[in-house]
Amino acid sequence: MEFSCKDFKVGKCEGEKIVDGEVMPLVLLPPEPNKRDLESLLSALRNNKDWFEQMIIKNSAVLLRDFDVNNAVDFNDIVETCGWEDIRYVGPAPRTQIHKRIWTANEGPLSEFIYYHHEMVLIKECPKKVILFCEIPPPQGGETPFVPSFKVTEKMLKEFPEEVKEMEEKGLKYSFTARSTQNDTSSMRGRGWEDAFGTSDREEAERRANALGMDMEWLPNGGVKTILGPRPLTRVFEGRKGRRMWFNTLVGMYGKELSSATFADGTEIPRHVVERCGEIIEEESIQFKWQKGDVVFLDNLALLHGRRPSLPPRKVLVATCK
């Protein structure tokens, strides 16, 4: 589907790339200076729902820029206008609900890099779309880089065909430890298990974890270790040109203090393979500078995303959708 919509004008942004013939991100601007207001944007989204969703799938990332989007209420109006069903975040990042479907992004220290990931990649049902809104752009750094997942698979198959084959055949197993019941915003992965599973009852938490495809081991300090596996290395999703997505969190969880990633049988994956994979992911990354009012729609089935370290203040909000 080619770009054709009278309600938006195509723009450009610093850092965009052409990947497999498509620009990432596709930048959409007001068609005229007097169409910057929120109601004009909501009307444009209402009138072009199917087309807009196809643009997200075709280009993997769509950036709305130069519209008057000022706060969480405005952002929520955009999300609800698109009409996609909400999906509750499950994961280690500490987050706070701001307004209806809108949450803070990871509240961990801005000085730390949040590694590239598909949102909720290890959960049975993950979001198809991750939507981010910049209320306060950082004075330096703080970009949200993203990576076309299929490009990682292509390079890994070229450089490590036997290792990729073994990971595909055996599958992967992950573990993650939540140290306590309470959220710890001094850590990027400081979400307590009570918040993560929405209950303080251990039996109920176990039921909810099992429904999400996790096993749990309770620790003497009140924390919990979650175990997930086997999980696939790559996946192919409908409508995305048959691309084989690097749909895992191998690099992000491998050999960390609170997490691990191994073959599903528990044997170790060679470190040099994981380290080179991390280099490939960085080589394929795309990033743009946040501007106030930016709203970016990411195809979570096609893109890994992360967060660069930044100076404060930085306020980016998020919604996740089925």
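## Close-up views of a predicted model

**Figure 1. The second largest pocket.** The second largest pocket has a volume of about 160 Å³. On a 1 Å grid over the protein atoms alone, a pocket is an open set of points with protein on both sides within 12 Å along at least five of seven lines, and a cavity is a set where a 1.4 Å probe fits but cannot get out. Lining residues have an atom within 4 Å of a point. Grid points are joined across faces, edges and corners, and a volume is the space filled by probe spheres set on the points. This is a predicted model, in which local features need pLDDT of at least 70 and side-chain atom pairs count only at pLDDT 80 or more, while totals for chains, interfaces and linings use all residues. Residues are numbered from 1 along each chain as its sequence is written, and side-chain values use heavy atoms, with hydrogens and water left out. The pocket lining consists of Asp 86, Ile 87, Arg 88, Tyr 89, Arg 95, Lys 100, Arg 101, Trp 103, Arg 191, Val 318, Ala 319 and Thr 320. By class, 6 of these residues are charged, 5 nonpolar and 1 polar. Ala, Val, Leu, Ile, Met, Phe, Trp, Tyr, Cys and Pro count as nonpolar, Asp, Glu, Lys and Arg as charged, and the others, Gly among them, as polar. Strand β19 (residues 315-321) gives the most to this lining, with 3 residues. Strands (E, at least two residues) and helices (H or I, at least four) are DSSP runs, numbered from the N terminus.

**Figure 2. The largest cavity.** The structure holds 1 cavity of 30 Å³ or more. About 40 Å³ of space lies in the largest cavity. Its lining is made up of Tyr 115, Tyr 116, Trp 246, Asn 248, Thr 249, Leu 250, Val 251, Gly 252, Ile 281 and Leu 304. In this lining 7 residues are nonpolar and 3 polar, with no charged residues. At least two lining residues come from each of β8 (114-117) and α8 (250-253). The largest share, 3 residues, is supplied by α8.

**Figure 3. The three-stranded sheet with β8.** An open, antiparallel sheet of 3 strands runs in the order β8-β18-β10; two strands pair if DSSP finds at least two bridges between them. At the edges are β8 and β10 (146-148), each pairing on one side only. From one strand to the next the twist averages 15°. Axes are lines fitted to C-alpha atoms, for helices over the stretch in contact, and angles run from 0 to 180 degrees between N-to-C directions. Strand β18 (residues 303-307) and β8 are joined by 2 bridges in the antiparallel sense. The bridge partner of His 117 in β18 is His 305. Helix α4 (residues 149-159) packs on the sheet and touches β10 and β18, its direction making about 55° with that of β10. Contact means heavy atoms within 4.5 Å.

Figure 4. The antiparallel pairing of strand β11 (residues 172-178) with β16 covers 5 bridges. Tyr 174 has Ala 261 in β16 as its bridge partner.

**Figure 5. Gly 213 and its contacts.** Gly 213 is in the loop between α7 (202-211) and β12. Apart from neighbours within four places in sequence, Gly 213 is in contact with Lys 124, Ile 227, Leu 228 and Arg 231.

Figure 6. Met 24 and Pro 25 are joined by a cis peptide bond with omega about -5°. Pro 25 is in the loop between β3 (22-24) and β4 (26-29). A cis peptide bond also joins Gly 229 and Pro 230, with omega about 0°, and Pro 230 lies in strand β13. Ser 60, in the loop between α2 (49-59) and β5 (61-64), has phi near 70°, a positive value in a residue other than glycine.
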